[in-house]
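Let's take a walk through this protein together, beginning with a pair of helices and then moving on to a sheet. Keep the structure open as you read.

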Amino acid sequence: MKQNVKLRTKINIFVVLIIMLILILVISVLSFSVIQLRFRDVGNRALILSRTIADSPQIREAFRKKNPAAVIQPLTEKIRQETGAEFIVVGNMDLIRYSHPNPALIGKKMVGGDNNSVLHGKESITQAVGTLGLSIRGKVPIFDDYHHQIGVVSVGFLIENIWNDIFATLENIGMVAGIGLLLGFIGAHLLSGHIKKQIFNMEPYEIALLAQNQVAIMESIREGILAVDQEGKITACNQEAKRIMGLDLSDEIIGQPIQAIVPNSRLPEVLKEGVSQMDQPIIIQNTLVVANLIPIWLDGNVIGAVSSFRDKIELDQINQQLHDVGHYLDDLRSQRHEFMNRLHAISGMIQLKEYDQVTKFISQVNQEQQLLMEFFLAQVHDPAVVGIIIGKMHRAKELGIQLTVDPTSHVLDPCPHREVVISILGNAIENSLEALSKSREIHQNSTICIYINDQADHLEIKVHDTGPGLDPKIEQHIFEDGISSKGKNRGFGLTIVHRLVSNIGGEISIASTSTGTVLQATLPKQRGD
């Protein structure tokens, strides 16, 4: 299902939200630290300034005069203006002020209720509401030369002014955070664009659909598929490949080195050279396969390789089936040719008004066909076996070769291992026809005899011809792939037949002399191991 929000938008939103969350956390911690440090710093400044004033000899000397405020007020006011304090108040032990930013308050009692500690000779940093408002105060006792407390000093900074300074600092932090967020958004936009480019501008649902389609395609084809990355590790493998390699379908081999699964694979060679190898024979677990190996390129570099392969037996079977189709066409052509010859003969005799000869000729043809059909109906009951034999009979007759069926033959319907039997008869008879038709001594003794008998526990087949026999050099290897006396790209039929017979636990052999060849096969009624 197509989604409304695109991947690039999701990445942008996600990255920006992450950056915002981080900035909020950082700003929160930083703001808390700034506030704490600012208030602590202001309190320490107030305390240090109070100490300085309390230790001033002029302040101590002023306490011994009749009007201490006349000396203390100008001195403290000057210090206040230079340091930026909101107020500097000096008072005696009765908390009567000798200085204040508002001269009208000199001589009046200090307020705030935070003077207990300082009256007992202890320094303190407090927050209290005074005549100027809420402030942070640093309070220090004043001692005379004999270390007797004679007064107190209170230096204060308004909380409102402190917060104004903090807000100015936080505004700068917020401005930097805003720039960081903007840079993060630009980075997210560039990152999302790069990711989209890496995945060929596809959306996740499109990638998922493509992956599902690829899996379906891989599992639907009849070829084994193996893919590896640039390190030679398996990245894809379909069930057909596992079957050919002799693995269980549940075995997980993704991520394993190809050499550990198929030691003689040529995929590492393709990865190294970057050159395709087409229709290469490779043995996998004692199975000969035909493989195509192709490198995978990206930006001029080999990033992997893929191999498709199929059991050569299956390919040979397909080739043989196509070859058999050609033979069936030839058989039909032969039958057509034979019947056309008979029709021409009948037509000629009618034109010559040899009606008795026409009747005799038709009766003779009918009798031949009737005898042949009666034999098959009585002895060979399987229509598929009858069909292949009759077709070959017409082809043999066209070539001037006599093809007969042993009268003792007997086949039930259905014939056991019908497809194997048809493959044996088709290949054996066709080989005999080719051998006899190419022999230099074609005469009336060129015959082929078929014997097929359905016995209690097995089916026996024999095909005997009077041809020149096999070349002794190839007779021992006649069932091997590609071995033939007919030239290149031949020699697959008997190989397939041999494998089909072996697969059902049967036996097949060929005996040949200069006067003929006998192919004999024994097929068990029940499939062997």
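**A pair of helices, then a sheet**

In this predicted model, helix 12 (residues 383-398) and helix 13 (residues 418-438) have axes that come within 10 Å and cross at roughly 10°. Angles under 35 degrees count as roughly parallel, and helix 12 and helix 13 are therefore roughly parallel to each other.

Which residues in helix 12 meet helix 13? They are Ala384, Val385, Ile388, Ile389, Lys392, Arg395 and Ala396. On the side of helix 13, you will find Arg418, Val421, Ile422, Leu425, Gly426, Ile429, Glu430 and Leu433. Sorted by class, this contact of helix 12 with helix 13 has 10 nonpolar, one polar and four charged residues.

Now turn to the sheet. Strands of a sheet pair through backbone hydrogen bonds, either parallel or antiparallel. Here, five strands form an open sheet in the order 6-5-9-8-7, and the pairing is antiparallel. From one strand to the next, the twist averages 25°.

Inside that order, look at strand 5 (residues 224-229) and strand 9 (residues 301-311), which run antiparallel and are joined by six bridges.

Finally, step back to the whole protein. Its secondary structure comes to 15 helices and 14 strands. Of its 529 residues, 39% count as buried. The accessible surface comes to about 30,400 Å², and 57% of that belongs to carbon and sulfur atoms.

Definitions and conventions. Residues are numbered from 1 along each chain as its sequence is written. This is a predicted model: local features need pLDDT of at least 70, side-chain atom pairs count only at pLDDT 80 or more; totals for chains, interfaces and linings use all residues. Side-chain values use heavy atoms; hydrogens and water are left out. Axes are lines fitted to C-alpha atoms, for helices over the stretch in contact, and angles run from 0 to 180 degrees between N-to-C directions. Helices (H or I, at least four residues) and strands (E, at least two) are DSSP runs, numbered from the N terminus. Angles under 35 degrees count as roughly parallel, over 145 as roughly antiparallel, 65 to 115 as roughly perpendicular and the rest as oblique. Contact means heavy atoms within 4.5 Å. Ala, Val, Leu, Ile, Met, Phe, Trp, Tyr, Cys and Pro count as nonpolar, Asp, Glu, Lys and Arg as charged, and the others, Gly among them, as polar. Buried means under 20% relative accessible area, exposed over 50%, partly exposed in between (1.4 Å probe, protein chains only). Accessible areas come from the Shrake-Rupley method with a 1.4 Å probe; for residues, only the protein chains shown count as cover. Two strands pair if DSSP finds at least two bridges between them.
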